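Open the structure in your viewer and keep the selection panel at hand.

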Amino acid sequence: METYQLTYVAGGCLGSSVAIIHGILMQKHLVAPVTASEQLSSNAKELCVLLLQFSTFVWLVGGIALIYAALFLSSTTALIIASLIALCYLYGAIGNFWATRGRHFGWIPLIAAVLSISWGSIVLITAA
């Protein structure tokens, strides 16, 4: 396995892990209280669940896609997918850091995933 593949798989595993933990915590601390509210209609509650868990879904699917791309797709295709996933993770990390002023730890593993993906991309580009 080449270096870029290892770093992409590591970034995908890290991003997917963040997604799973995020989904569990989000469900417990935000989704459950919102859906328990009697002030919202059932349609509004369903929409809140979907919107609150959207980032969880994107990070999980992104991590899986990144692992798949690293292992089964060409290096060029893997680079394109990795770039898109890194942007999604970076957006989440910046948003998390900005919204919580750095007090929430979620931005740290997302930045670690971005750094892993970036390192693999640099290795891949310079090897070509």
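Which helix gives the most to the nonpolar patch? Select helix α3, residues 54-72: it gives three residues, the most of any. Helices (H or I, at least four residues) and strands (E, at least two) are DSSP runs, numbered from the N terminus.

Before going on, note that this is a predicted model, in which local features need pLDDT of at least 70, side-chain atom pairs count only at pLDDT 80 or more, and totals for chains, interfaces and linings use all residues. Residues are numbered from 1 along each chain as its sequence is written, and side-chain values use heavy atoms, with hydrogens and water left out.

**The surface patch**

Now select Met1, Leu6, Tyr68, Leu71, Phe72 and Leu73. Together they make a nonpolar surface patch of about 630 Å². Patch residues have over 30% relative accessible area and no salt bridge; like charges are joined within 9 Å, nonpolar side chains (Val, Leu, Ile, Met, Phe, Trp, Tyr) within 5 Å. A salt bridge puts a side-chain nitrogen of Lys or Arg within 4 Å of a carboxyl oxygen of Asp or Glu. Areas come from the Shrake-Rupley method with a 1.4 Å probe; for residues, only the protein chains shown count as cover.

Centre on Phe72, in helix α3. Is Phe72 buried or exposed? Phe72 is exposed, at 57% relative accessible area. Buried means under 20%, exposed over 50%, partly exposed in between (1.4 Å probe, protein chains only).

**The core**

Next, select Tyr8, Trp59, Leu66, Tyr89, Leu110 and Ile117. These have the most contacts inside the largest nonpolar core, which has 20 residues. Such a core is a set of buried Ala, Val, Leu, Ile, Met, Phe, Trp, Tyr and Cys residues joined through side-chain atoms within 4.5 Å. Helices α1 (3-36), α3, α4 (75-100) and α5 (107-127) each give two or more residues to this core. The largest share, six residues, comes from α4.

Zoom in on Tyr8. Leaving aside neighbours within four places in sequence, its contacts (heavy atoms within 4.5 Å) include Leu66, Ala78, Ile117 and Leu124.

**One step back along α1**

Select Thr7, in helix α1. Thr7 is buried, at 12% relative accessible area. Its side chain reaches the backbone oxygen of Tyr4 at 2.9 Å. Beyond four places in sequence, Thr7 contacts Ser116, Ile117, Trp119 and Gly120.

**The whole chain**

Zoom out. The chain has five helices and zero strands. The C-alpha trace spans about 60 × 30 × 15 Å along its principal axes.

Notes: A polar contact is a pair of N or O atoms within 3.5 Å; within protein, one must be able to donate a hydrogen and the other to accept it, and residues adjacent in sequence count only if both atoms are side-chain atoms.
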